[in-house]
Amino acid sequence: MEMRTIAILGATGSIGTQALDLVARYPERFRAGCLTAHGSSEKLFELCRRFRPDVAALVNEPAEIPQDLRGIQWFFGPDSTVRALLASKCRDALCAIVGIAGLDAVWHALDVCERVLLANKEALVTGGDLVMAKAARLNKPMLPVDSEHSAIFQCLQARQGNPVKKLLLTCSGGALRDWKKEAIYHATVRDVLAHPTWNMGGKITVDCATRVNKGLEVIEAHHLFAMPADRIEVVIHPQSVIHSMIEFEDGAILAQMGMPDMRGPIGYAMGFPGRLPYDARPVDFAALGHLDFAAPDHERFPGIRMAIDALKAGGSAPVILNGANEVAVGAFLRERIPFGRIPEIIQSALESVPVSPIKSIADVYEADRRARAFAMGSI
Ligand code: NDP
Ligand code: MG
């Protein structure tokens, strides 16, 4: 089996560390040639000791690099991720930075890597048209890591040229699924970070509770699979065993299932078209007994509806939604605003920040800057 070098961008995060678990299981197939992080220097040093990359990067420069890690080529500063990626010459890039901060890395990875393994959904929410056009122009595969999109991608392998009528994205419902509207408004950081089925980074866990995450995923699916918004449906499925589904024109539906563990979709992207066995818990249908489904409640959780409206509005609207959300989630995690303010801030940003056309990455950053300035002013 050929050896692939992989750059893990956002190596210290939830996705990054789970990808490295797979690298460690398959030393004859993968070598982590580049590891990057934002400020978690001690954590990155530990990973560097274990995986010995050629290149590493930290946005925040630490006071010093430990003696035993000075053989690694280090990069620091705001553009350190991209400079490290370019220097590493890795064949694959796993883009696992959180937020629009990861867009630049996705953009450059398309230039220099053979394949982009995409966890960083905000890169598609904000720059989706440009990123997908570039991937098509350069004929570079974008392999989804997000579990729903990996599920759809896996189902599509059995498509045999048949048209797909609809994509069905499943949604656990998040930590506040059964809460009343008034209680949701004042949910604490602790309440929100207690996700029922997945263990993830802080930002995406808050996004799951507001359901903005599922809205971002509708936009992500629209770009990855060239599917209009009105043919993407969200289904609440609390057990997170069905990861998503596709429906054909004859009504037949294919679903991809498994116990929730991100190493499944991460491994599918890393090993594609092969599969990487790991110590996955098997699905025990008899023990589960039943799988439940419900329609999303857009009244208590407006996140999905706002994202679909932004997608339909087009231009910079999804960038405004994303930028306002990133600012509001950050403020909630620092306990500066109540949980219920997050959707309110997004909604007022969508109503107040003018929508403009997106023709370049610079346009994306300009719209993001405006949305952030508006959201900061609302806190
Ligand atoms: P985490 O917060 O756990 O990790 C984020 C990683 O990105 C860390 O390594 C962090 O470094 C780095 N990082 C953060 N900000 C910057 C920045 N400005 N510049 C460079 N690096 C930065 O996030 P997750 O792993 O949970 O999520 C990563 C992405 O994957 C998100 O887009 C998320 O939506 C998506 N995703 C995650 C899933 C999950 O299960 N976690 C599931 C599906 C999608 P440091 O540690 O130093 O801060
Ligand atoms: Mg997901």
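The protein is divided into domain 1 (4-144) and domain 2 (149-313), with bounds that come from an automatic or database domain assignment. The model is predicted: local features need pLDDT of at least 70, side-chain atom pairs count only at pLDDT 80 or more, and totals for chains, interfaces and linings use all residues. Residues are numbered from 1 along each chain as its sequence is written, chains are lettered from A and ligands numbered from 1 in the order in which they are written, and side-chain values use heavy atoms, with hydrogens and water left out.

**Exercise 1. Describe the contact between domain 1 and domain 2.**

Step 1. The C-alpha centres of domain 1 and domain 2 are 25 Å apart. Step 2. Domain 1 gives 26 residues to the contact and domain 2 gives 29 residues, where contact means heavy atoms within 4.5 Å.

**Exercise 2. Locate ligand 1 and describe the shell around it.**

Step 1. Ligand 1 is surrounded by 25 residues, and the closest are Thr12, Ser14, Gly39, Ser40 and Glu122. A residue counts as near if one of its heavy atoms lies within 4 Å of the ligand.

Step 2. Domain 1 and domain 2 both give residues to this shell, so ligand 1 lies between them.

Step 3. By class, the shell has 12 nonpolar, 10 polar and three charged residues. Here Ala, Val, Leu, Ile, Met, Phe, Trp, Tyr, Cys and Pro count as nonpolar, Asp, Glu, Lys and Arg as charged, and the others, Gly among them, as polar.

Step 4. Backbone N or O atoms of Ile15 and of Gly201 each lie 2.9 Å from an oxygen atom of ligand 1. A polar backbone atom of His38 is also 2.9 Å from an oxygen atom of the ligand. A polar contact is a pair of N or O atoms within 3.5 Å; within protein, one must be able to donate a hydrogen and the other to accept it, and residues adjacent in sequence count only if both atoms are side-chain atoms.

Step 5. On its own, ligand 1 has 890 Å² of accessible area, of which the protein covers 85%. Such areas come from the Shrake-Rupley method with a 1.4 Å probe; for residues, only the protein chains shown count as cover.

Step 6. The elements that give two or more residues to the shell are α1 (14-25) and α5 (121-137). Helices (H or I, at least four residues) and strands (E, at least two) are DSSP runs, numbered from the N terminus.

**Exercise 3. Trace the surroundings of Gln154 through its contacts.**

Step 1. Gln154 lies in helix α6 (residues 147-156) and is buried, with a relative accessible area of 11%. Buried means under 20% relative accessible area, exposed over 50%, and partly exposed in between (1.4 Å probe, protein chains only).

Step 2. Leaving aside neighbours within four places in sequence, Gln154 is in contact with Gln256, Tyr268 and Arg275.

Step 3. Gln256 belongs to strand β11 (residues 253-257) and counts as buried at 17% relative accessibility. With neighbours within four places in sequence again left aside, the contacts of Gln256 include Ala151, Gln154 and Cys155, and also Val241 and Ile242.

Step 4. Tyr268 is one of the buried residues of α11. In this helix (residues 263-271), eight of the nine residues are buried. The buried residues of α11 pack against β1 (4-9), α1, β2 (30-37), β6 (115-118), β7 (142-144) and α6.

**Exercise 4. Is Ser240 buried or exposed, and which residues does Ser240 touch?**

Step 1. Ser240 sits in the loop between β9 (232-236) and β10 (242-248). At 5% relative accessibility, Ser240 counts as buried.

Step 2. Not counting residues up to four places away in sequence, Ser240 touches Ser172, Thr197, Trp198, Gly258 and Pro260. The side chains of Ser240 and Thr197 are joined by a polar contact of 2.9 Å.

**Exercise 5. Examine the backbone at Ser240, Ala226 and Pro273.**

Step 1. Most residues other than glycine have a negative phi, and most peptide bonds are trans.

Step 2. Ser240 has a positive phi of about 50° although it is not a glycine. Phi of Ala226 is near 50°, also a positive value in a residue other than glycine.

Step 3. Ala226 lies in the loop between α10 (212-225) and β9 and is exposed, with a relative accessible area of 66%.

Step 4. The peptide bond from Phe272 to Pro273 is cis, with omega near 5°. Pro273 lies in the loop between α11 and α12 (285-288).
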